[in-house]
Amino acid sequence: MLKTLIVGASGYAGVELVTYLNRHPHINITGIAVSAQSPDAGKLLSDIYPQLKGRVDLRLQPLTDVAAVAKEADVVFLATAHEVSHDLAPQFLEHGCVVLDLSGAWRVNSAEFYTRYYGFTHQYPELLAQAAYGMAEWQAEQIKQTNLIAVPGCYPTASQLAIKPLLAAGLLNTNQWPVINATSGVSGSGRKASLNTSFCEVSLQPYGLFSHRHQPEISAHLGTPVVFTPQLGSFPRGILATSTCRLKPGVTAEQVAKAFHDAYDDKPLVRLYDSGVPALKSVIGLPFCDIGFAVDGEHVIVVSAEDNLLKGASSHAVQCMNIRFGYPETLSLL
């Protein structure tokens, strides 16, 4: 049994992590923690999330002594803010823990990236070089060989899973940048109260035009520039991404379909549509990314849908952990 600690367990992604890990046959949750300043410190998780009563009645501990809790953990999940993960991950790694980080603190191997897009100076360039980007369907070998796994962002997961097979098969004319429009539910903004993300205040609206930090993450790992426009929708959870790409002359819909099947037929958490495109209702509460497409002349539109808290965060992290330790990829997820 792997002794496991979840930091940031009271957030939306954190509680989903706890739920999946609690039923994992090889995991023993030895602690759930929040920052010492959190108003949730000392509370039972099941008091915050009543659906867990009688299932996960663990108390949220204030994280005051990292060394002490690290000694009691084999695996640590960080569902924390970027700056917090930046500071915590090295401490857990020093004690031999495998760290799976759900923040953006380790996703791109460039210290300058963090100064420009995250507003802090990254202090650990040597660890950035060691971190594996946890896109489970594409980086399994790297995930198996590291103790630091940077779980992709929710928008980048939906976007990259849609576009990577076409790039890998050499089907895209990259002189025309892929254009990604992606809409997320309000849970993507986290649990902390904010007027801008209050359900009653939210109306479908784009934000972060040409400045959203997930655009360079997507571009870095696709290896090609993209235009990325995120939007906030007035629904609780889920992401629907519509990616428009230019095909090379002569590429057919059959070739596009083959590229997707070649990439994902052996990947259990990506579901392909042979006709039509997915809707959010198909994936909410499930660990899948669903993908469909349409071709017209030299253009392809790829639609990808996922639950932003699951395949976009917590279930993807558990999938990466399963890969890292040699367990079946879907263990505890399905």
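## Strand β11

Ile 239, Ala 241, Ser 243 and Cys 245 point to one face and are buried (under 20% relative accessible area, 1.4 Å probe, protein chains only). Strands here are DSSP E runs of at least two residues, and helices are H or I runs of at least four, numbered from the N terminus.

This is a predicted model: local features need pLDDT of at least 70, side-chain atom pairs count only at pLDDT 80 or more, and totals for chains, interfaces and linings use all residues. Residues are numbered from 1 along each chain as its sequence is written, and side-chain values use heavy atoms, without hydrogens and water.

## Partners of β11

Strand β8 (residues 179–184) runs antiparallel to β11, joined by 6 bridges. Two strands pair if DSSP finds at least two bridges between them. Ser 184 stands opposite Ile 239. Strand β14 (residues 299–306) also pairs with β11 in the antiparallel sense, over 8 bridges. There, Ala 305 is the bridge partner of Leu 240.

## The parallel sheet

An open sheet of 7 strands has the order β3-β2-β1-β4-β5-β7-β6, with parallel pairing. Its edge strands are β3 (60–63) and β6 (132–133), and each pairs on one side only.

Strand β5 (residues 98–101) lies between β4 and β7 in that order. Strand β4 (residues 75–78) and β5 are joined by 4 bridges, with Phe 77 opposite Leu 100. On the β7 side (residues 148–150) there are 3 bridges. Val 99 has Leu 148 as its bridge partner, and Asp 101 stands opposite Ala 150. Val 98 and Leu 100 point one way from β5, Val 99 and Asp 101 the other way, and all are buried. β4, helix α4 (residues 82–94) and β5 make a right-handed β-α-β unit: with the strands pointing away from the viewer, the path from the first strand over the helix to the second runs clockwise.

## The second largest pocket

The second largest pocket has a volume of about 170 Å³. Elements giving two or more residues to its lining are α5 (111–117), α9 (214–222) and β10 (227–232). Lining residues include Arg 116, Tyr 117, Trp 177, His 212 and Phe 228. By class, the lining has 8 nonpolar, 3 polar and 1 charged residues. Here Ala, Val, Leu, Ile, Met, Phe, Trp, Tyr, Cys and Pro count as nonpolar, Asp, Glu, Lys and Arg as charged, and the others, Gly among them, as polar.

A pocket is an open set of points on a 1 Å grid over the protein atoms alone, where a 1.4 Å probe fits, with protein on both sides within 12 Å along at least five of seven lines; lining residues have an atom within 4 Å of a point. Volume is the space filled by probe spheres set on the points.

Terms used
Buried means under 20% relative accessible area, exposed over 50%, partly exposed in between (1.4 Å probe, protein chains only).
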